[in-house]
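Colleague: Could you walk me through this one? I would like to hear about its charges and its overall build.

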Amino acid sequence: MDLLTAEETRLWHAWKRASETVRARIAEDINAATGLSDPDFGILTRLIDLGGGTLRQNELAASMGWHRSRLSHQLTRMEQRGLLTRSPAGGGVNVTISQRGQGVTAAARPVHAAAVRRHLSGMLPPGDIHKITAILENLYDPA
């Protein structure tokens, strides 16, 4: 059986701990300031950034890498809180951010930016940010 080397094991654990910690801290900052969960913020920003406020539900699921049923449950909770609406559209469903959703997203974006700077980019040497970004991009989109 082929096992990880000590260096590979250290890398794996550092990767997991860093990514989980940074995501959790950023999500906590957004939630404390706006009441949005990490999934809420992800959905609302995708609706705005990718669809100008409206996306097909299947496109939204694909953009998040989520199974349709997980997304559907999350959308139901968000719809009940007045953050978005869903409507039938040509054999599918359109998801549209509401005015309330737009407002809370606008309030959350500067919190998100500050949290990313505090918990991620501000923790890295400025000269290394470009290199680290390139390495990470290579992990999810190898050329």
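Colleague: Glad to have it on screen. Is Asp40 buried or exposed?

Modeller: This is a predicted model, in which local features need pLDDT of at least 70 and side-chain atom pairs count only at pLDDT 80 or more, while totals for chains, interfaces and linings use all residues. Residues are numbered from 1 along each chain as its sequence is written, and side-chain values use heavy atoms, with hydrogens and water left out. Buried means under 20% relative accessible area, exposed over 50%, and partly exposed in between, with a 1.4 Å probe and protein chains only. Asp40 has a relative accessibility of 2%, so the word for Asp40 is buried.

Colleague: Which residue meets the side chain of Asp40 in a salt bridge?

Modeller: A salt bridge here is a side-chain nitrogen of Lys or Arg within 4 Å of a carboxyl oxygen of Asp or Glu. The N to O distance for the Asp40 pair is 2.7 Å, and the partner is Arg81.

Colleague: How many residues apart are Arg81 and Asp40?

Modeller: Helices (H or I, at least four residues) and strands (E, at least two) are DSSP runs, numbered from the N terminus. Asp40 belongs to helix 2 (residues 38-51), whereas Arg81 lies in the loop between helix 4 (68-80) and strand 2 (84-89). The pair links distant parts of the chain, and the separation is 41 residues.

Colleague: What is the relative accessible area of Arg86, which meets Glu79 in a salt bridge?

Modeller: The Arg86 and Glu79 side chains come to 3.1 Å, N to O. Glu79 is partly exposed at 30% relative accessibility. Arg86 is partly exposed as well, and its value is 24%.

Colleague: Which residue forms a salt bridge with Lys131?

Modeller: In this pair the N to O distance is 3.5 Å.

Colleague: How many salt bridges does a search of the whole structure find?

Modeller: The pair of Arg81 and Asp40 is one of them, and so is the pair of Arg86 and Glu79, by the 4 Å cut-off. For the whole structure, the search gives six.

Colleague: And in what order do the elements of the chain run from the N terminus?

Modeller: The chain holds six helices and three strands. Its C-alpha trace spans about 50 × 40 × 25 Å along the principal axes. Read from the N terminus, the order is α-α-β-α-α-β-β-α-α.
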